[in-house]
Amino acid sequence: MIGPCFGCCISTSGVASASAALTLVERTAVTTNSLVVDLATIRPPIAHTALADIATGLAQSARRWLPLLPALDGQRTGLRMIGTPDYDAWLLRWPPGTAVSPHDHGDSVGVFTVVTGQLTEVRWEHARRRTRQVRPGHVISLGRGVVHDVIAGTTASLSVHVYSPPLEVMGYYADGGVRLLDRQPVDRTDGPVLPPRALHPSSP
Ligand SMILES: [Fe+2]
């Protein structure tokens, strides 16, 4: 998720070429009665339960994706595994001690699950700070507007993150997740590995 963190710190260096067709679909605008409607803004998000199923399935096949996931000392890296008009999925590598910073996920909802290792999630809700450990098999839901941080432990970790609609913008915060500092677009120029019409690769 290096550059700006996206999708819980996603970086896409070294990933296969982007799907021009997907980009076209996601950015397509239609004109109806003189009103231009961005299709990406009117698609309802996929339910959290379905996103959890996708994340869990991809986590079970994570080893198949590892050769495509860059590894850089001391830096988070990411791979945009799948991109569709309705959701996208990322595999993230967390070297020990890495973290994001307090952030939201724009208009997307999402889930994430740990494949190997352990992550700490810090979440701010109504000025209250809550910390929890996320271990393999746990699935964390991210509602719209959630502000959180994700922090690696003392060992390397892998995680899968799924967003609906696909993650486009992230906001970054200070002062305990209260004060918005900046909004940054997510770099998706190097992905996804699989276009929307590919078969779902969740089989171990
Ligand atoms: Fe996040």
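The structure is a predicted model, in which local features need pLDDT of at least 70 and side-chain atom pairs count only at pLDDT 80 or more, while totals for chains, interfaces and linings use all residues. Residues are numbered from 1 along each chain as its sequence is written. The protein chain holds four helices and twelve strands; helices (H or I, at least four residues) and strands (E, at least two) are DSSP runs, numbered from the N terminus. Of its 204 residues, 39% count as buried. A residue is buried if 20 or more other C-beta atoms lie within 10 Å of its own, exposed if 12 or fewer, and partly exposed in between, with C-beta atoms placed from the backbone.

**The five-stranded sheet**

- An open sheet of five strands has the order S3-S4-S10-S5-S8, with antiparallel pairing; two strands pair if DSSP finds at least two bridges between them.
- Strand S3 (77-83) and strand S8 (139-142) stand at the edges with a single partner strand each, so one side of each has no neighbour in the sheet.
- Neighbouring strands of this sheet are turned by 20 degrees against each other on average, direction ignored. Axes are lines fitted to C-alpha atoms, for helices over the stretch in contact, and angles run from 0 to 180 degrees between N-to-C directions.
- S3 and S4 are joined in the antiparallel sense over six bridges, and leucine 79 stands opposite leucine 91 in S4.

- Strand S10 (residues 157-164) is mostly covered, as eight of its eight residues are buried.
- Ser157, Ser159, His161 and Tyr163 point one way from S10, whereas Leu158, Val160, Val162 and Ser164 point the other way, and all are buried.
- Strand S4 (residues 88-94) pairs with S10 in the antiparallel sense over seven bridges, and leucine 91 stands opposite valine 160 in S10.
- Strand S5 (residues 109-116) also runs antiparallel to S10, and seven bridges join them. Here phenylalanine 112 stands opposite histidine 161 in S10.

**The three-stranded sheet**

- A sheet of three strands, also open, has the order S7-S6-S9 with antiparallel pairing.
- S7 and strand S9 (147-152) stand at its edges, each with a single partner strand, so one side of each is left without a neighbour in the sheet.
- From one strand to the next, the twist averages 20 degrees.
- Strand S6 (residues 119-125) and S7 run antiparallel and are joined by seven bridges; valine 122 stands opposite threonine 131 in S7.
- Six bridges join S6 to S9, again antiparallel, and tryptophan 124 stands opposite valine 147 in S9.
- Five of the six residues of S9 are buried, so S9 is largely enclosed by the rest of the structure.
- Arginine 128 belongs to strand S7 (residues 128-134). Arginine 128 is exposed because it has 9 other C-beta atoms within 10 Å.
- The C-alpha atoms of arginine 128 and glycine 176 are separated by 8.8 Å, although these residues are 48 residues apart along the chain.

- H3 has 13 residues and reaches 18 Å from its first C-alpha to its last, close to the 18 Å expected at 1.5 Å a residue; the expected span is 1.5 Å times one less than the number of residues.
- The residues Leu51, Ile54, Ala55, Leu58 and Ala59 of H3 are buried.
- Seen down the axis of H3, its buried residues fall within an arc of 130 degrees, so they line one face of the helix. The arc is that of the directions from the helix axis to the C-beta atoms.
- Helix H3 (residues 48-60) lies across S3, S4, S5, S8 and S10, and runs at about 25 degrees to S5.
- What covers the buried residues of H3 includes helix H4 (62-65), S3, S4, S5, S8 and S10.

**The nonpolar core**

- In soluble globular proteins, nonpolar side chains tend to be buried together.
- The largest nonpolar core has 37 residues, and those with the most contacts inside it are Ala55, Met81, Ala89, Leu91, Val160 and Val162. A nonpolar core is a set of buried Ala, Val, Leu, Ile, Met, Phe, Trp, Tyr and Cys residues joined through C-beta atoms within 7 Å.
- H3, S3, S4, S5, S8, S9 and S10 each supply at least two residues of this core.
- Leaving aside its neighbours within four places in sequence, alanine 89 is in contact with Ile54, Leu58, Met81, Ile82, Val160 and Val162; two residues are in contact if their C-beta atoms, placed from the backbone, lie within 7 Å.
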